[in-house]
Amino acid sequence: MSYKKVEKILICIYCKSNDLINESNKINCNHCGKYYLVDSKGRLIVQQIKLKERTELTYKLKNYLRNNQKVDNLIYFLFSPVLVNTRQRKKLFKKLSKSDIIINIGGGSTKLANNVINVDIKPYVNVDIVSDCNNLPFADSSVDGIISEVVLEHIQEPHKAVIEMYRVLKPGGYIYAEIPFIQGYHESPGDYQRYTIEGLEELFKDFKKVKIGVSIGPSSALAWILRDYLAILFSFNSTKIYNVLTLLFTPLTWPIKLLDFILVYNKNAHNISSLLYFFGKKE
Ligand SMILES: [Zn+2]
(Lines give C-alpha, C1' and ligand atoms only; values in the text may rest on other atoms or scores of the structure.)
Protein backbone atom coordinates (compact mmCIF):
# COMPACT_ATOMS: atom_id res chain seq x y z
CA MET A 1 0.00 0.00 0.00
CA SER A 2 1.51 3.25 -1.07
CA TYR A 3 0.56 6.37 -2.96
CA LYS A 4 4.23 6.91 -3.91
CA LYS A 5 3.81 5.57 -7.46
CA VAL A 6 1.38 8.40 -8.21
CA GLU A 7 3.07 11.08 -6.11
CA LYS A 8 3.96 13.20 -9.16
CA ILE A 9 0.39 13.44 -10.43
CA LEU A 10 -1.32 14.22 -7.11
CA ILE A 11 -3.21 17.48 -6.67
CA CYS A 12 -4.97 19.12 -3.72
CA ILE A 13 -8.71 18.34 -3.93
CA TYR A 14 -9.62 21.72 -2.44
CA CYS A 15 -7.61 24.17 -4.57
CA LYS A 16 -6.48 21.81 -7.40
CA SER A 17 -2.86 22.90 -6.92
CA ASN A 18 -0.04 20.43 -7.53
CA ASP A 19 2.24 22.40 -5.22
CA LEU A 20 2.32 19.66 -2.57
CA ILE A 21 5.05 19.15 -0.03
CA ASN A 22 5.82 15.70 1.34
CA GLU A 23 6.49 15.35 5.04
CA SER A 24 7.03 12.15 7.01
CA ASN A 25 3.40 11.34 7.72
CA LYS A 26 1.49 13.91 5.69
CA ILE A 27 1.33 15.89 2.48
CA ASN A 28 0.87 19.64 2.76
CA CYS A 29 -0.70 21.85 0.11
CA ASN A 30 1.60 24.84 -0.25
CA HIS A 31 -1.14 26.79 -2.01
CA CYS A 32 -4.14 26.58 0.34
CA GLY A 33 -2.62 25.14 3.53
CA LYS A 34 -4.77 21.98 3.65
CA TYR A 35 -2.96 18.76 4.50
CA TYR A 36 -3.50 15.02 3.95
CA LEU A 37 -2.39 12.37 6.42
CA VAL A 38 -0.50 9.22 5.52
CA ASP A 39 -1.55 6.36 7.80
CA SER A 40 0.74 3.77 9.42
CA LYS A 41 0.22 1.39 6.46
CA GLY A 42 1.34 4.01 3.92
CA ARG A 43 -2.14 4.89 2.66
CA LEU A 44 -2.80 8.51 1.74
CA ILE A 45 -6.03 9.69 3.37
CA VAL A 46 -7.54 12.28 1.03
CA GLN A 47 -11.15 11.99 2.03
CA GLN A 48 -12.65 9.37 4.26
CA ILE A 49 -16.38 9.04 4.27
CA LYS A 50 -17.85 8.28 7.65
CA LEU A 51 -19.93 5.17 7.30
CA LYS A 52 -22.55 4.08 9.79
CA GLU A 53 -21.05 1.51 12.17
CA ARG A 54 -22.74 -1.80 11.47
CA THR A 55 -22.92 -4.72 13.88
CA GLU A 56 -24.84 -7.40 11.91
CA LEU A 57 -22.97 -10.67 11.53
CA THR A 58 -23.25 -10.66 7.72
CA TYR A 59 -21.80 -7.15 7.56
CA LYS A 60 -18.86 -8.10 9.82
CA LEU A 61 -18.28 -11.19 7.69
CA LYS A 62 -18.28 -9.07 4.50
CA ASN A 63 -15.70 -6.74 6.02
CA TYR A 64 -13.50 -9.66 7.09
CA LEU A 65 -13.65 -11.16 3.58
CA ARG A 66 -12.78 -7.83 1.95
CA ASN A 67 -9.55 -7.87 3.88
CA ASN A 68 -8.79 -11.54 3.12
CA GLN A 69 -8.81 -11.80 -0.65
CA LYS A 70 -8.02 -15.51 -1.10
CA VAL A 71 -10.71 -16.64 1.34
CA ASP A 72 -13.07 -14.13 -0.26
CA ASN A 73 -12.51 -15.56 -3.77
CA LEU A 74 -13.21 -19.11 -2.58
CA ILE A 75 -16.30 -18.12 -0.57
CA TYR A 76 -17.50 -16.08 -3.53
CA PHE A 77 -17.24 -19.04 -5.89
CA LEU A 78 -18.92 -21.42 -3.43
CA PHE A 79 -21.72 -19.21 -2.16
CA SER A 80 -22.27 -16.26 -4.45
CA PRO A 81 -25.07 -16.54 -7.01
CA VAL A 82 -22.85 -14.90 -9.66
CA LEU A 83 -20.17 -16.62 -11.73
CA VAL A 84 -17.31 -14.12 -11.54
CA ASN A 85 -15.72 -13.42 -14.90
CA THR A 86 -12.46 -11.49 -15.15
CA ARG A 87 -11.99 -12.20 -18.89
CA GLN A 88 -13.32 -8.85 -20.12
CA ARG A 89 -11.07 -6.82 -17.81
CA LYS A 90 -8.04 -8.25 -19.63
CA LYS A 91 -8.95 -6.05 -22.61
CA LEU A 92 -7.61 -3.06 -20.67
CA PHE A 93 -4.38 -4.74 -19.57
CA LYS A 94 -3.67 -5.83 -23.17
CA LYS A 95 -3.74 -2.19 -24.29
CA LEU A 96 -1.48 -0.85 -21.54
CA SER A 97 2.09 -1.58 -20.46
CA LYS A 98 3.35 -2.58 -17.03
CA SER A 99 4.77 0.89 -16.44
CA ASP A 100 1.47 2.66 -17.17
CA ILE A 101 -0.47 4.05 -14.23
CA ILE A 102 -3.87 2.44 -13.77
CA ILE A 103 -6.25 3.50 -11.01
CA ASN A 104 -8.84 1.07 -9.72
CA ILE A 105 -11.69 3.19 -8.38
CA GLY A 106 -13.49 1.41 -5.57
CA GLY A 107 -10.82 -1.28 -5.90
CA GLY A 108 -11.12 -2.32 -2.26
CA SER A 109 -8.72 -5.07 -1.27
CA THR A 110 -8.33 -6.57 -4.78
CA LYS A 111 -4.77 -6.02 -6.01
CA LEU A 112 -4.83 -6.56 -9.77
CA ALA A 113 -1.22 -5.66 -10.67
CA ASN A 114 1.77 -3.71 -9.36
CA ASN A 115 0.96 -0.68 -11.51
CA VAL A 116 -2.67 -0.57 -10.33
CA ILE A 117 -3.36 1.99 -7.61
CA ASN A 118 -6.44 1.20 -5.52
CA VAL A 119 -8.64 4.12 -4.56
CA ASP A 120 -11.50 3.49 -2.15
CA ILE A 121 -13.60 5.35 0.41
CA LYS A 122 -12.52 2.89 3.11
CA PRO A 123 -8.96 1.89 4.10
CA TYR A 124 -9.21 -1.80 3.18
CA VAL A 125 -6.06 -3.89 2.81
CA ASN A 126 -4.37 -3.01 -0.53
CA VAL A 127 -6.02 0.41 -0.74
CA ASP A 128 -3.36 3.00 -1.66
CA ILE A 129 -5.43 6.17 -1.55
CA VAL A 130 -8.56 6.71 0.53
CA SER A 131 -10.72 9.11 -1.45
CA ASP A 132 -14.20 9.84 -2.73
CA CYS A 133 -14.49 9.06 -6.46
CA ASN A 134 -16.36 12.32 -7.16
CA ASN A 135 -13.27 14.35 -6.29
CA LEU A 136 -10.12 12.47 -7.23
CA PRO A 137 -6.71 13.79 -6.10
CA PHE A 138 -5.14 13.39 -9.56
CA ALA A 139 -4.18 16.05 -12.11
CA ASP A 140 -6.11 16.42 -15.39
CA SER A 141 -5.10 13.89 -18.07
CA SER A 142 -2.63 12.15 -15.75
CA VAL A 143 -3.46 8.42 -15.66
CA ASP A 144 -3.16 5.81 -18.43
CA GLY A 145 -5.98 3.55 -17.40
CA ILE A 146 -9.05 3.44 -15.16
CA ILE A 147 -10.88 0.42 -13.78
CA SER A 148 -14.25 0.74 -12.06
CA GLU A 149 -15.93 -2.55 -11.26
CA VAL A 150 -19.33 -2.80 -9.56
CA VAL A 151 -18.89 0.59 -7.95
CA LEU A 152 -21.07 3.06 -9.85
CA GLU A 153 -24.33 1.46 -8.67
CA HIS A 154 -23.31 2.46 -5.15
CA ILE A 155 -22.83 6.13 -6.01
CA GLN A 156 -25.67 8.63 -5.80
CA GLU A 157 -24.59 10.64 -8.86
CA PRO A 158 -22.69 8.23 -11.13
CA HIS A 159 -22.51 10.70 -14.06
CA LYS A 160 -20.42 13.01 -11.84
CA ALA A 161 -18.00 10.18 -11.07
CA VAL A 162 -17.70 9.41 -14.80
CA ILE A 163 -16.95 13.09 -15.58
CA GLU A 164 -14.18 12.88 -12.96
CA MET A 165 -12.81 9.69 -14.56
CA TYR A 166 -12.76 11.46 -17.93
CA ARG A 167 -10.89 14.41 -16.42
CA VAL A 168 -8.04 12.37 -14.95
CA LEU A 169 -7.60 9.97 -17.89
CA LYS A 170 -4.95 10.88 -20.48
CA PRO A 171 -6.02 11.24 -24.10
CA GLY A 172 -5.28 7.80 -25.57
CA GLY A 173 -5.92 6.19 -22.16
CA TYR A 174 -8.41 3.37 -21.58
CA ILE A 175 -11.31 2.83 -19.21
CA TYR A 176 -12.92 -0.45 -18.18
CA ALA A 177 -16.15 -0.27 -16.14
CA GLU A 178 -18.66 -2.85 -14.95
CA ILE A 179 -22.14 -2.09 -13.66
CA PRO A 180 -24.95 -4.51 -12.73
CA PHE A 181 -28.10 -4.79 -14.83
CA ILE A 182 -30.08 -7.55 -13.05
CA GLN A 183 -28.96 -8.16 -9.49
CA GLY A 184 -30.72 -8.05 -6.17
CA TYR A 185 -30.37 -5.07 -3.87
CA HIS A 186 -26.93 -5.00 -2.23
CA GLU A 187 -25.87 -2.02 -0.18
CA SER A 188 -22.23 -0.96 0.00
CA PRO A 189 -23.08 1.35 1.75
CA GLY A 190 -26.02 2.30 -0.56
CA ASP A 191 -27.38 0.81 -3.81
CA TYR A 192 -28.87 3.38 -6.20
CA GLN A 193 -29.17 2.11 -9.79
CA ARG A 194 -28.85 -0.52 -12.55
CA TYR A 195 -27.89 -0.01 -16.20
CA THR A 196 -28.82 -1.49 -19.58
CA ILE A 197 -26.42 -1.53 -22.55
CA GLU A 198 -27.98 1.72 -23.80
CA GLY A 199 -27.76 3.24 -20.34
CA LEU A 200 -24.06 2.39 -20.17
CA GLU A 201 -23.47 3.91 -23.62
CA GLU A 202 -25.17 7.10 -22.48
CA LEU A 203 -23.25 7.21 -19.17
CA PHE A 204 -19.87 6.84 -20.93
CA LYS A 205 -20.76 8.85 -24.06
CA ASP A 206 -17.73 11.16 -23.70
CA PHE A 207 -15.42 8.18 -24.27
CA LYS A 208 -14.97 6.39 -27.58
CA LYS A 209 -16.60 2.97 -27.21
CA VAL A 210 -14.21 0.12 -27.98
CA LYS A 211 -16.44 -2.72 -26.80
CA ILE A 212 -19.55 -3.11 -24.68
CA GLY A 213 -21.24 -6.30 -23.54
CA VAL A 214 -21.94 -8.92 -20.91
CA SER A 215 -19.47 -9.63 -18.15
CA ILE A 216 -21.63 -11.90 -15.96
CA GLY A 217 -24.45 -13.71 -17.69
CA PRO A 218 -28.19 -14.40 -17.38
CA SER A 219 -27.87 -17.63 -15.35
CA SER A 220 -26.20 -15.69 -12.53
CA ALA A 221 -29.04 -13.15 -12.70
CA LEU A 222 -31.59 -15.99 -12.44
CA ALA A 223 -29.75 -17.71 -9.55
CA TRP A 224 -29.72 -14.48 -7.51
CA ILE A 225 -33.35 -13.57 -8.24
CA LEU A 226 -34.61 -17.14 -7.61
CA ARG A 227 -32.72 -17.42 -4.29
CA ASP A 228 -34.13 -14.13 -3.01
CA TYR A 229 -37.60 -14.86 -4.45
CA LEU A 230 -37.82 -18.18 -2.59
CA ALA A 231 -36.58 -16.53 0.60
CA ILE A 232 -39.31 -13.87 0.30
CA LEU A 233 -41.97 -16.47 -0.55
CA PHE A 234 -41.30 -18.62 2.52
CA SER A 235 -40.35 -15.90 5.03
CA PHE A 236 -43.93 -14.96 6.03
CA ASN A 237 -42.95 -11.31 6.03
CA SER A 238 -40.20 -11.77 8.63
CA THR A 239 -36.81 -10.22 7.82
CA LYS A 240 -35.07 -12.59 10.23
CA ILE A 241 -36.50 -15.66 8.47
CA TYR A 242 -35.77 -14.06 5.09
CA ASN A 243 -32.08 -13.57 6.02
CA VAL A 244 -31.74 -17.19 7.18
CA LEU A 245 -33.56 -18.54 4.11
CA THR A 246 -31.32 -16.52 1.78
CA LEU A 247 -28.37 -18.47 3.20
CA LEU A 248 -30.23 -21.79 3.09
CA PHE A 249 -31.37 -21.35 -0.51
CA THR A 250 -27.88 -20.41 -1.70
CA PRO A 251 -26.60 -23.99 -2.19
CA LEU A 252 -29.89 -24.91 -3.89
CA THR A 253 -29.85 -22.10 -6.42
CA TRP A 254 -26.22 -21.28 -7.12
CA PRO A 255 -25.46 -24.25 -9.43
CA ILE A 256 -27.66 -22.49 -12.00
CA LYS A 257 -24.86 -19.92 -12.38
CA LEU A 258 -22.57 -22.58 -13.90
CA LEU A 259 -24.65 -22.39 -17.10
CA ASP A 260 -23.04 -18.98 -17.60
CA PHE A 261 -19.85 -20.72 -18.72
CA ILE A 262 -21.84 -21.10 -21.98
CA LEU A 263 -24.64 -18.53 -21.87
CA VAL A 264 -22.38 -15.54 -21.28
CA TYR A 265 -21.51 -15.86 -25.02
CA ASN A 266 -25.15 -15.87 -26.19
CA LYS A 267 -25.88 -12.85 -28.37
CA ASN A 268 -29.16 -12.14 -26.54
CA ALA A 269 -27.69 -12.60 -23.07
CA HIS A 270 -27.51 -8.86 -22.43
CA ASN A 271 -31.34 -8.71 -22.23
CA ILE A 272 -31.34 -10.30 -18.76
CA SER A 273 -27.70 -10.46 -17.67
CA SER A 274 -26.30 -9.87 -14.21
CA LEU A 275 -23.42 -7.54 -15.06
CA LEU A 276 -22.49 -5.46 -18.12
CA TYR A 277 -19.20 -3.82 -19.06
CA PHE A 278 -18.04 -0.80 -21.01
CA PHE A 279 -14.54 -0.67 -22.45
CA GLY A 280 -13.58 2.67 -23.94
CA LYS A 281 -10.88 5.14 -24.82
CA LYS A 282 -10.43 8.87 -24.29
CA GLU A 283 -9.65 10.52 -27.62
ZN1 LIG B 1 -4.75 23.17 -1.74
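Analyst: Two residues are in contact if their C-beta atoms, placed from the backbone, lie within 7 Å. The model shown here is a predicted one.

User: Which residues does Y277 touch, leaving aside residues up to four places away in sequence?

Analyst: The contacts of Y277 are Q88, Y176, A177, E178, I212, G213 and S215. Y277 itself belongs to strand β11, residues 275-281.

User: Is Y277 buried or exposed?

Analyst: A residue is buried if 20 or more other C-beta atoms lie within 10 Å of its own. Y277 has 22 such atoms within 10 Å and is therefore buried.

User: What describes a pair of packed helices?

Analyst: Such a pair is described by the angle between the axes and the distance between them. Here, the axes of α6 (residues 218-233) and α7 (residues 239-253) come within 8 Å and cross at roughly 135°. The two helices are therefore oblique to each other, and the crossing of α6 and α7 is right-handed.

User: Which residues form the contact of α6 with α7?

Analyst: From α6, A223, L226, R227, D228, L230, A231 and I232 take part, and they meet Y242, L245, T246, F249, T250 and T253 of α7.

User: Let us turn to the backbone. Which residues other than glycine have a positive phi, for example?

Analyst: K16 is one of them, with phi near 65°; V150 is another, with phi near 40°. K16 is placed in the segment before β1 (20-22), and V150 lies in the loop between β8 and α4. K16 counts as partly exposed, with 13 C-beta neighbours inside 10 Å. V150 is partly exposed, with 19 other C-beta atoms within 10 Å.

User: Where is P189 found, and is the peptide bond from S188 to P189 cis or trans?

Analyst: P189 is in the loop between β9 and α5. The bond from S188 to P189 is cis, its omega being near 0°.

Methods. Residues are numbered from 1 along each chain as its sequence is written. This is a predicted model: local features need pLDDT of at least 70, side-chain atom pairs count only at pLDDT 80 or more; totals for chains, interfaces and linings use all residues. Axes are lines fitted to C-alpha atoms, for helices over the stretch in contact, and angles run from 0 to 180 degrees between N-to-C directions. Helices (H or I, at least four residues) and strands (E, at least two) are DSSP runs, numbered from the N terminus. Angles under 35 degrees count as roughly parallel, over 145 as roughly antiparallel, 65 to 115 as roughly perpendicular and the rest as oblique. A crossing is left-handed if the near helix is turned anticlockwise from the far one by less than a right angle, and right-handed if clockwise. A residue is buried if 20 or more other C-beta atoms lie within 10 Å of its own, exposed if 12 or fewer, and partly exposed in between; C-beta atoms are placed from the backbone.
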